[in-house]
Amino acid sequence: MDDILIRGGEVVDGTGAPARKADLAIRDGRIRAVEEGYAGSAERVIDADGLTVAPGFIDIHTHSDFTLPLNPKAECKIRQGVTTEVVGNCGFSVAPALPGRVETLRDYLSASAPWLPFEETDFARYMDTWPALSLNTVMQAGHNTLRLMAMGMEDRDPSDAELRHMQEMLAEALEAGALGLSSGLFTAPGCYAKPEEVLALGRVVKAHGGRYSSHVRDESHGVHEAVAEAIDVGEQCGIHVQVAHLKLSGTGRWGEAEELLGQFTAARARGVDVHCDQYPYDWATNPLRFLLPVWLQEGGIDAMLARLANPEIRSRVRQKIAEVGFNNFGHIESWDDIRIANSPGAAEPGKTIAEIAAARDCDPLEAVFDIVVEDRGGTRILVRSMSEEDVRRIAAEPSMTVGSDGPCVAPYGVTSQGKPHPRLYGTFPRMLGRYAREQGLLTLEQAVAKMTGNAARALGMADRGLLRESQAADVVLFDAGTIRDEATFDEPHTYPAGVGTVIVNGEVVIHQGEHTGALPGRLLRRREGVLG
């Protein structure tokens with residue numbers, strides 16, 4: 001007898017093939033059969049008439065290592081149908097945290113992981129102590145964290161010994177089962193690294209059969225060159241490359257989506273193994289201090305605050321922003337396009353910089369400087385920096401994968417604070433509802449494939465992402481006619497509509513839209529070049 005039998009649903013198997021009426025049987029955490037009129041019986045039968053049955057969605061780019069230990073039920077993701085998250089992105093990882101450097105890492109990640117306790121650990125111990133969760137997790141080692149551990153926030157090339165130290169820490173993470181290396185070359189200290197440093201680490205990734213993902217060096221003024229740099233790492237090192245949250249940021253680059261996508265087509269034609277992901281919104285999010293020139297951050301938080309206390313330096317920053325716009329974001333249309341997401345106390349979540357500046361009776365950029373100083377760089381913001389037309393064009397690309405670029409939070413508890421980006425609650429239903437069903441940019445089958453089979457291939461997953469016999473039983477049932485994102489900028493802590501049942505490793509986690517309390521997720525370690 002099977003454990004679970006899902007009867008009469010429209011099966012969308014993750015390959016992009018047309019939906020078909022079929023039953024799906026699960027036994028011992030695996031898919032036993034996908035066939036019409038299945039004759040077997042099961043301890044639990046789920047009626048899927050009128051529903052779509054799909055592989056569990058893979059959130060290929062997240063920062064949930066900052067919150068999952070605090071929120072193991074993974075509410076905002078599992079209720080979207082997400083059954084696997086890839087963490088440690090953009091060069092940021094919680095491990096390794098070396099003796100004498102724990103406080104440095106805590107300060108560095110304060111705007112992204114304000115509630116997370118940090119402790120001394122290597123990567124193997126970090127993975128071994130990962131808690132039981134409702135969904136599966138894949139980990140990466142962050143280049144920014146490795147550099148911070150080896151040489152702090154210094155703007156210079158590493159010494160031979162420092163580079164070896166970074167390579168050794170990376171090797172330790174890969175041997176423990178990390179997927180690979182992530183970089184965040186857009187901000188300090190990653191931006192201080194020259195391409196040769198990244199290539200040296202890429203060769204370690206190659207030696208261990210790992211993969212490389214990158215928040216590229218510039219998503220605005222030099223976006224095409226930055227994407228070319230990421231592709232070059234894959235080409236020279238012979239490794240897979242994932243370009244994170246592909247976008248054209250800043251008004252000066254709007255309208256160039258076709259050219260940007262062409263770089264990937266050309267790279268694949270040369271044999272480069274490259275994928276990219278997207279969140280389907282025209283707003284981004286980052287620590288407020290990351291808007292400012294990267295040289296301000298050299299030496300760490302205290303050094304940055306000392307510089308911002310100097311009126312001459314503020315004037316210099318003002319001139320730089322007038323010339324080229326914000327770091328990594330370029331020029332935006334209005335100060336109303338920057339909203340506070342979270343702040344330790346210097347600014348009210350939901351308020352725009354324009355509103356804050358008016359209340360303080362000061363220039364908007366002066367308000368930015370003051371907030372950064374008042375909260376020691378701990379404020380996080382939302383920024384409307386993209387055009388909807390570019391977002392639509394990138395979303396319409398069937399080969400694109402999907403990532404929320406956000407941590408797992410919930411409407412209750414410590415992670416309910418502030419007004420975070422609505423993508424944390426809405427990314428996957430938004431792709432299926434807004435962009436596939438309502439706007440017709442993709443078929444339902446294409447949209448599901450982006451979130452499942454395509455993502456599994458990009459990650460080297462051997463047994464997830466498809467509804468096939470012997471695959472791991474990660475399954476989502478949703479109403480294709482009603483699924484949609486409900487989270488807004490004013491009310492971001494809002495679950496989506498249309499997701500009914502979510503199964504992880506053969507165990508029901510969401511049933512009739514409610515969490516069962518089950519924690520069947522697994523930490524998926526890379527072994528011999530694959531995840532299992």
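Me: Which residue is the bridge partner of Ile503 in β20?
Reply: Val508 is the bridge partner of Ile503. This is a predicted model, where local features need pLDDT of at least 70, side-chain atom pairs count only at pLDDT 80 or more, and totals for chains, interfaces and linings use all residues. Residues are numbered from 1 along each chain as its sequence is written, and side-chain values use heavy atoms, with hydrogens and water left out.

Me: How many bridges join β19 to β20?
Reply: 3 bridges join β19 (residues 499-504) to β20 (residues 507-511), and the two run antiparallel. Strands are DSSP runs (E, at least two residues), numbered from the N terminus, and two of them pair if DSSP finds at least two bridges between them.

Me: And what is in the turn?
Reply: The β19 and β20 hairpin has 2 residues between its strands, and Asn505 in the turn has a positive phi of about 50°.

Me: Which residue takes a positive phi in the hairpin of β20 and β21?
Reply: Gln512 does, with phi near 50°, and that hairpin also has 2 residues between the strands. β20 pairs with β21 (residues 514-515) in the antiparallel sense over 2 bridges, with Ile510 opposite His515.

Me: New topic. How much of the chain is buried?
Reply: Of the 532 residues, 63% count as buried, meaning under 20% relative accessible area with a 1.4 Å probe, protein chains only.

Me: What does the C-alpha trace span?
Reply: Along its principal axes, about 75 × 50 × 45 Å.

Technical notes:
Buried means under 20% relative accessible area, exposed over 50%, partly exposed in between (1.4 Å probe, protein chains only). Helices (H or I, at least four residues) and strands (E, at least two) are DSSP runs, numbered from the N terminus.
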